[in-house]
Structure formats: C-alpha cells, structure tokens
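This report takes a short tour of one protein model. It starts with ring pairs, then moves to helices and overall figures.

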Amino acid sequence: MLSPKGREEIQRLLEGGLVEDWAEAETTLRNVTRMLLTTRPDLLRLYFEPQAWREITSWPQKKAANAIIAALRTGVVDALGRPEIVNREQARFYLLCFQDDLTERVDRWCRDHPEECPRRAARHRRGLDHDHDADT
C-alpha cells in the first residue's frame with residue numbers, strides 16, 4: 001500500500017526519533033497525517049501506491065483518514081522489522097494497524113499477559129462505565 005516514497009518518509013521519522021515509545025509514535029503519526037491532510041494532500045498522496053490512493057480517496061473522509069493512519073502505523077512496524085511485542089502500548093499500536101497477522105500476534109501476547117492486554121483494558125473500561133451508568 002505504501003509507495004517507496006512513503007516507506008522512505010517513515011524511515012526518516014524513525015531516524016529522527018519517532019519511536020521513543022509506541023504511544024509517542026501514535027501521536028506523531030496522527031499529527032503528521034492531520035497536518036498533511038489539511039495542508040499538503042498532494043504530498044501525502046505520494047506516500048501511497050497510486051491504486052491504493054485512488055481506493056482510499058473514494059471512501060468517506062473519516063474512513064479514509066483512519067486507513068491512512070493504519071497504513072502508516074504498519075509502515076512503522078515493517079520498518080522496525082516487526083519486533084516482538086514487549087508492552088501494552090506496542091500491543092495497542094499493533095492492533096491499530098488492522099492487519100490480521102499483527103492482530104494474531106497481539107492475541108498470542110495477550111494470552112501470556114492478560115493483565116496488560118489492551119483488549120481487556122478496553123472491555124474493563126466499558127464495563128466500569130456500564131456499571132456506573134446502572135448506579136445513577
């Protein structure tokens with residue numbers, strides 16, 4: 001999905017210290033994407049293979065933006081050599097790539113680290129919110 005230019009730009013971000021941690025990587029990718037979408041969509045287009053860009057831009061705006069960010073996240077994971085998951089933030093980042101193989105890796109990691117699993121944390125928060133609503 002990413003073009004050679006897109007992979008090159010991801011590599012530049014990484015060399016510039018993008019991944020001090022996975023949460024920072026997420027924030028940086030969102031900020032870069034937001035900035036490029038609003039000021040330089042012509043430049044962002046170059047980060048993607050032409051067919052992928054045509055498909056993305058045919059979708060509703062929110063879906064397209066989410067697809068762009070997910071592709072860039074996957075580019076980061078690929079550029080780093082798809083490292084093994086070592087913490088909750090990395091597992092969450094992998095989930096947000098929306099790639100089946102990365103989701104399977106998160107599921108395996110979660111079996112070994114159930115208390116740190118980002119899926120469990122989201123269910124737990126929803127459960128707490130639900131319990132709170134029931135009490136009011």
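Are W22 and F93 buried or exposed? W22 is buried, and F93 is buried too. Buried means under 20% relative accessible area, exposed over 50% and partly exposed in between, with a 1.4 Å probe and protein chains only.

## Basis of the model

The model is predicted: local features need pLDDT of at least 70, side-chain atom pairs count only at pLDDT 80 or more, and totals for chains, interfaces and linings use all residues. Residues are numbered from 1 along each chain as its sequence is written, and side-chain values use heavy atoms, leaving out hydrogens and water.

## Aromatic pairs

A pair of aromatic rings is described by the distance of the centres and the angle of the planes. Rings of Phe, Tyr and Trp (its six-membered ring) pair if their centres lie within 6.5 Å; planes under 30 degrees apart count as stacked, over 60 as edge-to-face and the rest as tilted. A search of the whole structure finds 3 aromatic pairs. One of them joins W22 and F93: it is tilted, at 4.9 Å centre to centre with 55° between the planes. This pair links distant parts of the chain. W22 sits in helix α2 (residues 22–39) and F93 in helix α6 (residues 88–95), 71 residues apart. Helices here are DSSP runs (H or I, at least four residues) and strands are runs of E (at least two), numbered from the N terminus.

F48 and W53 form another tilted pair, 5.6 Å centre to centre and 35° between the planes. F48 counts as buried because its relative accessibility is 3%. W53 has a relative accessible area of 12%, so W53 is buried as well. W22, F93 and Y94 form one aromatic cluster.

Within α6, the residues Q90, A91, F93, Y94 and L95 are buried. N87 caps the N-terminal end of α6. A side-chain oxygen of N87 lies 3.2 Å from the backbone nitrogen of E89.

Elsewhere, K63 lies over the face of W59, 4.6 Å from the ring centre. The criterion is NZ of Lys or CZ of Arg within 6 Å of the ring centre and within 35 degrees of the ring normal.

## Helix α1

Helix α1 (residues 4–15) has 12 residues, which should span 16 Å at 1.5 Å a residue. The expected span is 1.5 Å times one less than the number of residues. The end C-alpha atoms of α1 are 16 Å apart, so the two values agree.

Which residues of α1 are buried? They are G6, E9, I10 and L14. They cover an arc of only 145° around the axis, so they lie on the same side of α1. The arc is that of the directions from the helix axis to the C-beta atoms. On the other side of α1, P4 and E15 are exposed. The buried residues of α1 pack against α2 and α5 (61–79). G17 follows α1, with a positive phi near 90°.

## R73 in helix α5

R73 is found in helix α5. Its relative accessibility is 3%, so R73 counts as buried. Not counting residues up to four places away in sequence, R73 touches E26, L29, R30, F93, L96, C97 and F98. Contact means heavy atoms within 4.5 Å.

## Overall figures

The protein has 8 helices and 0 strands. Buried residues make up 35% of its 136 residues. Of the contacts with a separation of 6 or more, 54% come from residues 24 or more positions apart.

Key
A polar contact is a pair of N or O atoms within 3.5 Å; within protein, one must be able to donate a hydrogen and the other to accept it, and residues adjacent in sequence count only if both atoms are side-chain atoms.
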